[in-house]
Structures are given as C-alpha cells and as structure tokens.
Amino acid sequence: MASNADEWPEGLKVAQVRMARPTDKLAEVVEFYSGCLGLPELYGFSGHAGYDGVMLGLPGTDYHLEFTSRVDGSPCPAPTAENLLVLYFDGDARMHEAVRRLGEAGHEPVPMENPYWAEHGALAFADPDGWRVVLVPKPVF
C-alpha cells in the first residue's frame with residue numbers, strides 16, 4: 001500500500017525524531033559530526049545526573065542526533081559495517097565539500113559491505129567510535 005512520503009501516517013503524528021547513542025569520545029564525536037561534516041550544534045548540556053551531551057541537527061528541522069557521555073563511562077557496543085547513518089546531499093559538489101573537510105581532518109573513506117552504496121556514488125567514513133556515515137551525492141528516490 002503506497003503512502004504519501006511527505007506526511008506522517010494517521011495515528012503517528014510525531015513532532016520530533018532524535019537518534020541518541022552513548023560515547024566515551026564526546027569531544028571527538030562532536031568534532032567529526034559538527035566540525036568535519038558541518039552539522040550545527042543545536043543544544044548541549046553537562047552535569048545532568050552524571051551525563052554530558054550534545055544535540056546536532058539541521059536548523060529548522062525536527063530530526064536530531066544526540067550523543068551522550070556518562071561520568072562513569074559510556075561504553076557502546078561495537079558497530080557492524082551495516083550500522084549506518086546515511087546523509088543524502090543535493091549534488092556531487094556539496095558531498096565532495098564534506099569529503100574534503102573529512103580528509104583534511106585525517107578521515108579516510110572506509111569500505112562498505114553493501115555494493116548498493118558504491119553503485120550510487122556514495123562514500124563511507126567511520127566516526128571516532130567506528131560508526132559509519134555514508135555520504136550519498138543525491139537522494140535515490
């Protein structure tokens with residue numbers, strides 16, 4: 001059954017979406033996603049019940065990434081090569097600008113298991129915790 005991709009389904013009228021995960025490398029992760037990729041920092045907190053954290057996202061949108069660190073450690077299970085955050089760009093030039101910034105910061109592309117991404121001109125990079133971010137030059141649908 002086809003649905004309108006621009007509207008939330010009836011009964012699931014969500015106002016915001018946030019993907020959150022822990023890290024023991026909060027500063028490095030924020031530098032990767034904000035400094036290299038360019039996601040703006042929307043909000044940050046420290047010392048909240050033993051947690052520090054940062055929300056990153058796109059201004060004017062309700063989709064955010066949250067990274068938290070706990071005072072007594074925030075171990076995170078090792079990601080697989082298929083744990084992906086996929087960012088679709090509006091053209092090759094914009095994607096390659098992000099690739100350039102990542103390269104200047106010492107991040108090199110990593111192999112992808114699924115050949116689908118390479119077939120669409122995508123490149124993947126591992127963040128400081130080993131989670132993969134796939135950069136795609138244009139939306140695929």
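Me: Which residues of helix α1 (residues 26–36) are buried?
Reply: The model is predicted: local features need pLDDT of at least 70, side-chain atom pairs count only at pLDDT 80 or more, and totals for chains, interfaces and linings use all residues. Residues are numbered from 1 along each chain as its sequence is written, and side-chain values use heavy atoms, with hydrogens and water left out. Buried means under 20% relative accessible area, exposed over 50% and partly exposed in between (1.4 Å probe, protein chains only). In α1 the buried residues are L26, V29, V30, F32, Y33 and C36.

Me: What share of the residues of the protein counts as buried?
Reply: The C-alpha atoms fill a box of roughly 45 × 45 × 25 Å, taken along the principal axes. The protein has 141 residues, and the share that counts as buried is 30%.

Me: Which residue of β3 is the bridge partner of E41?
Reply: β2 and strand β3 (residues 51–57) pair in the antiparallel sense over five bridges. In β3, E41 has as its partner L56.

Me: Is G53 buried or exposed?
Reply: G53 is found in strand β3. Leaving aside its neighbours within four places in sequence, G53 is in contact with L26, Y43, G44, F45, F67 and T68. F67 is 14 residues away in sequence, and the two C-alpha atoms are 5.5 Å apart. The relative accessible area of G53 is 2%, and therefore G53 is buried.

Me: How are α1 and α2 oriented to each other?
Reply: The axes of α1 and helix α2 (residues 92–104) come within 10 Å and cross at roughly 140 degrees. Angles under 35 degrees count as roughly parallel, over 145 as roughly antiparallel, 65 to 115 as roughly perpendicular and the rest as oblique. The two helices are therefore oblique.

Me: Which residues make the contact between α1 and α2?
Reply: Two packed helices are described by the angle between their axes and the distance between the axes. Here the contact is made from α1 by F32, G35 and C36, and from α2 by A98, R101 and L102.

Me: Is F32 buried or exposed?
Reply: F32 lies in helix α1. Its contacts, leaving aside neighbours within four places in sequence, are L37, L102, H107, F125, A126, D127, P128 and V133. The relative accessibility of F32 is 1%, so F32 counts as buried.

Me: Which residue in the turn between β6 and β7 has a positive phi?
Reply: Strand β6 (residues 123–126) and strand β7 (residues 132–136) pair in the antiparallel sense over four bridges. In β7, the partner of F125 is V133. The two strands form a hairpin with five residues between them, and the residue with a positive phi of about 95 degrees is G130.

Me: Which residue of β7 is the bridge partner of Y88?
Reply: Three strands form an open sheet in the order β5-β7-β6, with mixed pairing. β5 (84–88) and β6 each have a single partner strand, so one side of each is left without a neighbour in the sheet. β5 and β7 run parallel and are joined by five bridges. The partner of Y88 in β7 is V136.

Note on methods:
Two strands pair if DSSP finds at least two bridges between them. Axes are lines fitted to C-alpha atoms, for helices over the stretch in contact, and angles run from 0 to 180 degrees between N-to-C directions. Contact means heavy atoms within 4.5 Å.
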